[in-house]
Amino acid sequence: MSPEGDRSLPLVAVPNFSEGRNERVIRALEATLGSHTRILSRHYDSQHHRTVFTIAAAEPSDLARALAAGAEHALDLIDLRGHQGLHPHIGALDVAPAVWQGTGRREDARTAAREAAEGIASLGIPVFFYGELATTPERSERAYFRQGGPAELARRMEAGELEPDLGPSEPHASAGATLVTAREPLVAFNVELDTSNPEIARAVAAGLREAGGGLPGVRALGLPREGERSQVSVNVHDPYEVPLAVVVAEISRLAAEHGARAIEAELVGLAPAAALEGYPDEPPIRDFDPRRDVIENVLG
């Protein structure tokens, strides 16, 4: 569990956009988010075709306005009908979580998430609540909505199998739908293996994730990469209890069972300092700088 905090800590949001190749679009979205909040980090990946921002604000209303404005700008800039990328997605603004840094701001994060959801829905974009805000247990995981991608989402909604929590009963033609929640900090973390066989990465991911009997609170996907590598893409939902040192040790063990080795890692966004305690020399985290990548240092 994250440490307790007081109301002096800022609220954070981590909007994920389905664009990771067009720098003009990425910078335009950054400018829109930055007009309402402080930009803490930006991470984009052309193969995932995805950009992840970390933004901060003192008040829930500022965070909500930034997320709704980002969704509105994405309507003009991103068209899912031509989108091809590795990362599972259903929306132009695909995921919009509001994050509390300490329990003192938990309710503020929930307020920000709900206000943002209302603003996004007013644009004609269906909104689904997941995680802590999920309205039924099966809706708690993002994978429930993403299975089959945008086309399957449209079919399920048209058939009446899936109703949005807010907004229209069909996906927006170009922007799809958006997933919204409020949550504690998590760590998004990718580890690359020295094999071009994505089936090995998928086997490692299957053994790593909680649903397969692996580490608690861990979600993982195995993905192909360009060149002689594949990738295990990981979300660690409680990095205070399951630090990255534990995650990479388990990935290394599982990869070795298939004759592969973890050779490089990367953070997607920011991580709390506790998540990095005891991190080993191998695999190195690409371009890691604690002044830029540890959230406590960035927030000052």
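These legends accompany close-up views of a predicted model. Local features need pLDDT of at least 70 and side-chain atom pairs count only at pLDDT 80 or more, while totals for chains, interfaces and linings use all residues. Residues are numbered from 1 along each chain as its sequence is written, and side-chain values use heavy atoms, with hydrogens and water left out.

**View 1. Helix α3 and its buried residues.** Helix α3 covers residues 106–121; helices here are DSSP runs (H or I, at least four residues), and strands are too (E, at least two), numbered from the N terminus. Its 16 residues should span 22 Å at 1.5 Å a residue, and the end C-alpha atoms, 23 Å apart, agree with that. The expected span is 1.5 Å times one less than the number of residues. The buried residues of α3 pack against α2 (60–77) and the strands β1 (11–13), β5 (93–99), β6 (127–129) and β7 (178–183).

**View 2. Where α2 meets α3.** The two helices pack at about 30 degrees, with axes 8 Å apart; α2 and α3 are therefore roughly parallel, a term for angles under 35 degrees. On the α2 side, the contact (heavy atoms within 4.5 Å) includes Pro-60, Leu-63 and Leu-67, and on the α3 side Thr-111, Glu-115 and Gly-119.

**View 3. Val-25 in helix α1.** Here is Val-25, within α1 (residues 23–34). Val-25 counts as buried because its relative accessibility is 2%. Leaving aside residues up to four places away in sequence, Val-25 touches Glu-19, Leu-77 and Ile-78.

Conventions. Buried means under 20% relative accessible area, exposed over 50%, partly exposed in between (1.4 Å probe, protein chains only). Axes are lines fitted to C-alpha atoms, for helices over the stretch in contact, and angles run from 0 to 180 degrees between N-to-C directions. Angles under 35 degrees count as roughly parallel, over 145 as roughly antiparallel, 65 to 115 as roughly perpendicular and the rest as oblique.
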